[in-house]
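I opened the model today to see who touches whom inside it. Here are my notes, in the order I looked things up.

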Amino acid sequence: MAQRTERADAVRNREAVLAAADALFAGSDSPHSVSMDDIAAAAGVGKGTLFRRFGDRAGLIGAVIAARLEPLRQAVGEAQDAAGSAPRQRVLALLDAALRFKIENRRLMSAAEDAGLNSPYQAEHYGWWHDSLREALDGVPDVHDADFTAHALLAAIRADLVAYLIDDRKMTPEGLRASLAAHVDNVLGGGSGR
């Protein structure tokens with residue numbers, strides 16, 4: 001069955017809503033403080049358009065996250081395609097890229113979890129990170145269960161944990177990244193093969 005082409009005005013409205021939501025979320029202390037009315041007004045659309053297009057606040061937050069993630073996914077994909085990096089380095093690079101994204105977007109990522117986007121493990125972007133990481137782990141010697149190890153390593157950078165460590169425990173982003181690198185070394189059996 002052929003996929004319908006989206007109308008030009010619908011595309012414009014979707015882009016306007018995403019841009020408005022992204023700007024308002026970025027400019028607020030918490031995405032929770034931004035109302036759907038605020039987003040509709042900033043986008044120049046009716047509130048009904050938001051709900052028809054995105055379903056609810058959680059759907060809109062998920063769409064903003066997906067839009068922010070797309071350039072990173074492309075860059076990571078290109079880096080993975082470029083041959084030359086050892087599997088251990090790819091594992092650390094993938095986790096570091098995911099951590100940097102979560103640090104920069106921690107309020108939005110936490111809001112997504114709070115808004116009821118089901119389990120974070122059900123999110124499409126989680127599946128992509130997990131699959132990419134599992135593939136890299138498959139090439140690391142002595143990793144007995146790459147699937148589980150990928151889940152366990154991604155759990156170490158959950159959005160709520162990242163927000164807690166930076167905002168409440170006052171850990172620096174650089175310190176968090178260094179701690180993650182040390183944790184990856186521990187999980188993968190030390191610094192051999194780097």
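This is a predicted model: local features need pLDDT of at least 70, side-chain atom pairs count only at pLDDT 80 or more; totals for chains, interfaces and linings use all residues.

I started with Leu133: skipping neighbours within four places in sequence, I found it in contact (heavy atoms within 4.5 Å) with Val91, Leu94, Leu95, Ala150, Leu153 and Leu154. Residues are numbered from 1 along each chain as its sequence is written, and side-chain values use heavy atoms, leaving out hydrogens and water.

Next I checked how H5 (residues 87-104) and H7 (residues 124-138) sit together. Helices here are DSSP runs of H or I, at least four residues, numbered from the N terminus. Their axes are 8 Å apart and the packing angle is about 160 degrees; axes are lines fitted to C-alpha atoms over the stretch in contact, and angles run from 0 to 180 degrees between N-to-C directions. H5 and H7 are therefore roughly antiparallel, a label for angles over 145 degrees. On the H7 side, I noted Leu133 among the contact residues, with Val91, Leu94 and Leu95 among those of H5.

Then I looked at His130, also in H7. Is His130 buried or exposed? It counts as buried, because its relative accessibility is 5%, and buried means under 20% relative accessible area with a 1.4 Å probe, protein chains only. Beyond its neighbours within four places in sequence, His130 is in contact with Asp147, Ala150, His151 and Leu154.

Definitions and conventions
Helices (H or I, at least four residues) and strands (E, at least two) are DSSP runs, numbered from the N terminus. Buried means under 20% relative accessible area, exposed over 50%, partly exposed in between (1.4 Å probe, protein chains only). Angles under 35 degrees count as roughly parallel, over 145 as roughly antiparallel, 65 to 115 as roughly perpendicular and the rest as oblique.
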